[in-house]
Amino acid sequence: MTGPSVGLTVTDLHAAHGRSPVLHGIDLTVPEGALACVLGPSGCGKSTLLRVLAGFHPAAAGQVVLHGRVLDDGRDRLAAEHRGIGLVPQDGALFPHLSVAANIGFGLPRSQRRARVAELLELVGLPGLGERRPHQLSGGQQQRVALARALAPRPRLLLLDEPFAALDAALRAELRREVAATLRQSGTTAVLVTHDQDEALSFADTVAVLRDGRIAQCGSPDELYHRPVDPAVARVLGEANLIPCEGAGGAARTAFGPLAPAAPGAVSGSGLALLRPGQLRLTAEPVAGAVPAKVLGCDFRGHDHRVELRPEAAGLPEVLVAAADRAWPVGGEAYVAAVGPVHVLPGA
Amino acid sequence: MTTPAVARRWRGAGLLAPVAVAVVAVVASPLGFVIAQAGQAGWEQTRRLLGRPLIATLLWHTVGLAAVVTLATAVLGFGAAYLVERTTLPGRRAWTVALALPLAVPEFVRGYSWVSLFRSVHGYWGAVLVMTCSLYPLVLLPVAAALRHGDAAAEEVSRSLGRGRLATLWRVTLPLTRPALAGGVLLVSLYLLGEYGAFAMLRYTTFATAVFTQYKLGFDAASASLLTLVLVALALLLVALEAWAGRRARVVRHGALARTAPPVRLGRWTVPALAGLAALVGVALGVPLYALAYWLVKGSSTTLPSASVLGATLATLGYALGAAVTATLAAVPVALYGWRRGSRPARAVERVAYLTRALPGIAVALAVVYFAVHWARPLYQQPPMLVAGYVVLFFPLALTAVRAALAQVPPGVEEAARSLGTRPLAVLARVTLPLVLPGLGAAVAMVGLTASTELTATLLLRPTGTQTLATEFWVYTSGLAYGAAAPYAALMVALSVPSVLLLTRRALRSGS
């Protein structure tokens, strides 16, 4: 196909567990070959969404369309085995009674198995491990095999259900990069479900924030991080300082003084200015627009320090979070200044 | 499983290992006695006895029956377990109990109920019918537990890879339940090897009935013990096979919780499925209950042996309770040893203890007789002999129950108590035992109720003049006095019901 054609389209999707509704009208579009991510806290319905897409949970209403083919419209449902949608569950769920090669070859016709299995072992970086049993592999290797197994029949869509959750932090980041690269290389359309915002931001082209069974916002990671539609989305994507502000002739007036808005155009009425921790600068001496604050806590994070402060000025939240280059003594004084431009959320 | 570091800290409690080893040595000693006894026959006699066509016939009878019954119980057990655990079958909980309850009918009582109602039920097909109805719950329960606790993710992955529901059932679900299936099938075949009463009633000869006859009628000890040796060898072979089959499917799970599968919609298959299960329960549970009711009503008009029923019940419960308490107490050190230390010797000791479940009742009984005759003459035909027989026979059952109780103890509490300055024995008394006490109670109940319906060893080991429910029942049915036998049978069934319910609950709660 040429150009970015539409891969997956979900329209006004409703689903329920028994009598309690879980999804209330999901709209989601994933272009072909794109990596999408559904981000949300546990219990928000993201696993149910994934299971509806895979065909293990019925839609109550709405439509799921993949490459122009209706998979589920609330009445007729295509069986999971006929959808051509691959699945990588949370902990891999390798078949413990089969070798690695047999796991990868499970969904392939017998004649293609040998060649394709070797190709996939190569792709996920495990050549020569085909004869191993799942219990002889490390957690990361198991996830790679699960990915290879799902990719083997060349699915038109791949679903990943928190596939890195069981791994330790360093391995998680590494495997995430690898998997993203593998998927881009094979041109697979994929939907990843996670509650980890780092994972969502670094993995996907499109992130959809799911909240209480609805998509709160959908967009590129950059868009979501810097231009969230409401305070909750702002917090889901990372730590956020939300400062009350007033629109005043093309600038947002805050306790830190006037700040330039990120989007061109006048800011009107009252709103909330979003300041990420990196946008707050700490100084020992007062500077223009700086607000005095008391240091409540300081955590070393390797690349920077996370400093919690209580501002001693009106019109600011009780606690501010800043990212600083150096450690600040707890209980000491600091001056906080804000660096624009800021994204302004309407209405406080 | 304890880590080596933790194990080292427990060296202080040095008494545990020798006690555990001693208990297991006693429990496993019948294996040695069987060999010693058979050795007395001498080489020439051995060759003559084993070369007889009788051996080939017995082998053929035993293996031929075991093969068909095992297959039938595997199919019925798996099918019923799948229906109650994985489908939208109405009333699944009630069906589970109804399907497990046939375990409460001892095999010889089931044999009696068929033989007394239908003259045509006997021989090979009679044995297949009676034993299949009796034993399929032994497959059903572990498979149902495996299906209930197994993760649905593997099945969903199979579906997402384009395999339909049936292909997934065959290629994923069945292999994943194989350890449970193998365990159940092993129990079935061990019961088949050891069964005497039902086969005697159905006039079908196997190794166990031949041993009994040789011993009881001919008093041909050497011949009986040689046959026993073959029987035990068969049983050990089965245990080894099961260990091999169970080992090959190791399940890897880490991190996340297993999610249960949404039930499969039966749709228009609901009525056939219900009819199938109803037929199974009707044949396995309805027929014995009908027979008991029929003979109770019919028998009460002729005889009413109430005094002897009461006496037999008390004797039965007394012996069973004595054996249950002894077996449970003996199982505690063995279970503790295995639980505290995952070390190789500890596991070996436990494994040998479980190996004794391969010993049929008749082998245990003959070993106890041999021991009493040679080394403890005054005990011969005295109450301790029967209790000892029960203890050896039901030790694995007690061990499983105690182990299940210990599994509920949070790991680390013993170490926590030690670190607070408590000595090992005080830790046992103040922490561990109070935690497992309900479990020990369940173990006693389980072993006691099971022992109260034991027939084979009881017939051989009971003290002179003592009558238990099983032996009284046996005396009456041997004289074809079906009506007089009915109250004893009904009491045994009633006594078994609580332990079956307990077993069902425990089996379905734990993972395997």
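First, the ground rules. Residues are numbered from 1 along each chain as its sequence is written, and chains are lettered from A and ligands numbered from 1 in the order in which they are written. The model is predicted, so local features need pLDDT of at least 70 and side-chain atom pairs count only at pLDDT 80 or more, while totals for chains, interfaces and linings use all residues.

Start with chain B. Its domain assignment gives domain 1 (1-31 + 302-512) and domain 2 (40-248 + 270-284). Domain bounds here come from an automatic or database domain assignment. The C-alpha centres of these two domains of chain B lie 23 Å apart. In the contact, 29 residues of domain 1 of chain B meet 39 residues of domain 2 of chain B. Contact means C-beta atoms, placed from the backbone, within 7 Å.

Which elements give two or more residues to the domain 1 side? They are helix 17 (361-375), helix 22 (469-478) and helix 23 (482-509) of chain B. Helices are DSSP runs of H or I, at least four residues, and strands are runs of E, at least two, numbered from the N terminus. Helix 23 of chain B gives the largest share, eleven residues. By class, that side of domain 1 of chain B has 19 nonpolar, nine polar and one charged. For the classes, Ala, Val, Leu, Ile, Met, Phe, Trp, Tyr, Cys and Pro are nonpolar, Asp, Glu, Lys and Arg are charged, and the others, Gly among them, are polar.

Now the core. The largest nonpolar core has 168 residues. A nonpolar core is a set of buried Ala, Val, Leu, Ile, Met, Phe, Trp, Tyr and Cys residues joined through C-beta atoms within 7 Å. Buried means 20 or more other C-beta atoms within 10 Å of the residue's own; exposed means 12 or fewer; partly exposed is in between, with C-beta atoms placed from the backbone. Those with the most contacts inside this core are B:A323, B:F394, B:F395, B:A398, B:V447 and B:A489. Where does the core lie relative to domain 1 and domain 2 of chain B? Both domains give residues to this core, so it lies between them. Take B:A489. Leaving aside neighbours within four places in sequence, B:A489 is in contact with B:V109, B:Y112, B:L292 and B:F473. Another core lies apart, with 108 residues, among them A:A59, A:V64, A:A273 and B:V157.

Next, the chain-chain contact. It takes 24 residues from chain B and 23 residues from chain A. On the chain B side, helix 8 (153-160) and helix 9 (165-176) each give two or more residues. Helix 8 of chain B gives the most, with seven residues. The chain B side divides into twelve nonpolar, six polar and six charged.

On to chain A. Its assignment gives domain 1 (6-84 + 155-232) and domain 2 (239-346). Their centres, taken over C-alpha atoms, are separated by 34 Å. Five residues of domain 1 of chain A are in contact with six residues of domain 2 of chain A. The domain 1 side has two nonpolar, one polar and two charged residues.

Two sheets in chain A. One is open, with five strands in the order 13-12-11-14-20 and antiparallel pairing. Strands pair if DSSP finds at least two bridges between them. Strand 13 (257-259) and strand 20 (343-346) of chain A each have a single partner strand, so one side of each has no neighbour in the sheet. Twist averages 45° from one strand to the next. Axes are lines fitted to C-alpha atoms, for helices over the stretch in contact, and angles run from 0 to 180 degrees between N-to-C directions. Three bridges join strand 12 (residues 251-254) of chain A to strand 13 of chain A. A:R253 stands opposite A:P258.

The other open sheet has four strands, order 2-1-4-5, again with antiparallel pairing. Strand 2 (20-31) and strand 5 (69-72) of chain A stand at its edges. Three bridges join strand 4 (residues 61-66) of chain A to strand 5 of chain A, and A:L66 stands opposite A:R69. Helix 1 (residues 46-54) of chain A lies across strand 1 (6-17), strand 2, strand 4 and strand 5 of chain A, at about 65° to strand 2.

Last, A:G130. This residue lies in the loop between helix 3 (110-123) and helix 4 (139-151) of chain A. A:G130 has 19 C-beta neighbours inside 10 Å, so it counts as partly exposed.

Definitions and conventions: Contact = placed C-beta atoms within 7 Å.
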